[in-house]
Amino acid sequence: MLFPLGSPQRCFWTLLVLTLMVLLLAGLLRVERHTLLLGGQAEGPPITNIMFLKTHKTASSTVLNILFRFAEKHNLSLALPAGSRLHLGYPWFFLARYVEGVGQAGPPRHFNIMCNHLRFNPPEVQKVMPNDTFYFSILRNPVFQLESSFAYYRHLTPAFSAAPSLAAFLAAPHTYYNQSLLRNAHARNHMWFDLGLDPNAPVEESYVRAHLAHVEQRFPLVLIAEHFDESMVLLRRRLRWQLDDVVSFKLNSRSRRSVTSLPPEAQERAKRWCALDWRLYQHFNRTFWAALRAELGPRRLRSEVAQLQERRRVLSALCLQDDAPKNKTQITDARLRPFQSGEADILGYNLREGLDNETLRLCQKMVMPELQYMAHLYTLQFPQKRPKNIPFLKA
Ligand SMILES: Nc1ncnc2c1ncn2[C@@H]1O[C@H](COP(=O)(O)OS(=O)(=O)O)[C@@H](OP(=O)(O)O)[C@H]1O
């Protein structure tokens, strides 16, 4: 025996061993708590009051599909466009009266989820969303966002239709771009515009910093389209949702035929032309990774991303014909054909044949394009109103 019983040394070693055991136990408990969280048993009830600022050409229709499915599953109310409208007043600033069910008179009406395209206007949004609403949005690298916008809004945006190509537009943007036309919103700092800010403001440091701080204050979570799966991991944790709630298929994508890659010098021009969006993207790309790091370690992140991707693989094999997106001529069910625009060849999906009713319903919702799904939810929420008319479905 090294130390005789009762000696101070023995007390010291006993205390040390006990302290180490307590620390070890505390560590194990922490790991256990994390594991529980990841198994889908998030702490607290799921968040159900949500405002998603649906920026353009940023994977936002895929996020909207996730929110629509959650709303339908939990019977939550949606702030949907009033009457025959298909969006919430875009490109004009959002007004509460653009929402169905919000009258000029009478008590204020609140909704659980707002996620259709709108130009952000906080005081008006607050009129229809509860005080405890969780605000989030998504951004994409402005070079790719602009390229996607150019293909999609080619015929709707005067600045784009006047230019022979995006590279030509970027070589001399002021030749084509008239900033007084609201319809040119798609052509410059589109995400900055969607946030309700001035896309033609001079890129002065104090202005940019002040507005980035405002956006960060208003949106505690900003996702990044290039890191979609990591974004879903973070979103799920923040909303305290289940894994299946954030599994999705890629919606609104273009066929390879309609994607053009800008040469490096045109990419640099795009960053300069959309300098406000570029600053926005750089800033929120940093905050996104900082938020992920604060939330979970790299191993845990890899494991959650892998779980999400595995679930997507399973659902894709269950739901989709050939596991692959299809162009409009290949999609057999007209209700699943996405809206086509400009020079973009927008893809959708065919479902596998012979699905049982419950699986069919799940799969249909996962691939249902935005307008059709919105029309479906509008009829569910306002059965007494005239159903939404989706003109291209009749063509
Ligand atoms: N999951 C996921 N991950 C990464 N990227 C994705 C995802 N889902 C959609 N997309 C791409 O987002 C583009 C469509 O964006 P939106 O749905 O926001 O467009 S819209 O404004 O609602 O019309 C469109 O980009 P382009 O194909 O470059 O046009 C989609 O391919």
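## The second largest pocket

Charged residues number eight in the lining of the second largest pocket, alongside six nonpolar residues and no polar ones. This is a predicted model. The pocket has a volume of about 280 Å³. Its lining counts 14 residues, and those closest to the centre are Arg69, Lys73, Asp244, Leu362 and Lys365.

Three helices each supply at least two residues of this lining: H2, H13 (298-319) and H14 (357-367). Helix H2 gives the most, with five residues.

## The sheet and its helices

The model holds an open sheet of four strands. Their order is S2-S1-S3-S4, and the pairing is parallel. Strands S2 (113-114) and S4 (221-224) stand at the edges. Each has a single partner strand, so one side of each is left without a neighbour in the sheet.

Strand S1 covers residues 50-53, and strand S3 covers residues 134-139. The two run parallel and are joined by four bridges. Within this pair, Leu53 stands opposite Ser137 in S3.

Helices lie across the sheet. Helix H2 (residues 60-73) lies across S1, S2 and S3, and runs at about 160° to S1. Helix H12 (residues 275-295) lies across S3 and S4. The angle between H12 and S4 is about 105°.

## Phe68 in helix H2

Helix H2, the main contributor to the lining of the second largest pocket, also holds Phe68. Is this residue buried or exposed? Phe68 is buried, because its relative accessible area is 0%, and the cut-off for buried is under 20%.

What does Phe68 touch beyond its neighbours within four places in sequence? Its contacts there are Leu78, Leu80, Cys115, Asn116, Glu370, Tyr373, Met374 and Leu377. Tyr153 is 85 residues from Phe68 along the chain, and the C-alpha atoms of the two are separated by 25 Å.

## Gln364 in helix H14

Helix H14, one of the elements that supply the lining of the second largest pocket, contains Gln364. The relative accessible area of Gln364 is 19%. Buried means under 20%, so Gln364 counts as buried.

Which residues does Gln364 touch, not counting those up to four places away in sequence? They are Arg335, Leu336 and Leu351.

## The largest cavity

How many cavities of 30 Å³ or more does the structure hold? There is one. The largest cavity has a volume of about 50 Å³. Its lining is made up of Val233, Arg236, Leu243, Val246, Glu304, Gln307 and Leu308. Helix H10 (228-239) and helix H13 are the elements that give two or more residues to this lining.

Helix H13 provides the largest share of the cavity lining, three residues. By class, the lining of the largest cavity has four nonpolar, one polar and two charged residues.

Notes: Residues are numbered from 1 along each chain as its sequence is written. This is a predicted model: local features need pLDDT of at least 70, side-chain atom pairs count only at pLDDT 80 or more; totals for chains, interfaces and linings use all residues. Side-chain values use heavy atoms; hydrogens and water are left out. Two strands pair if DSSP finds at least two bridges between them. Contact means heavy atoms within 4.5 Å. Axes are lines fitted to C-alpha atoms, for helices over the stretch in contact, and angles run from 0 to 180 degrees between N-to-C directions. On a 1 Å grid over the protein atoms alone, a cavity is a set of points where a 1.4 Å probe fits but cannot get out, and a pocket is an open set with protein on both sides within 12 Å along at least five of seven lines; lining residues have an atom within 4 Å of a point. Grid points are joined across faces, edges and corners, and a volume is the space filled by probe spheres set on the points. Ala, Val, Leu, Ile, Met, Phe, Trp, Tyr, Cys and Pro count as nonpolar, Asp, Glu, Lys and Arg as charged, and the others, Gly among them, as polar. Buried means under 20% relative accessible area, exposed over 50%, partly exposed in between (1.4 Å probe, protein chains only).
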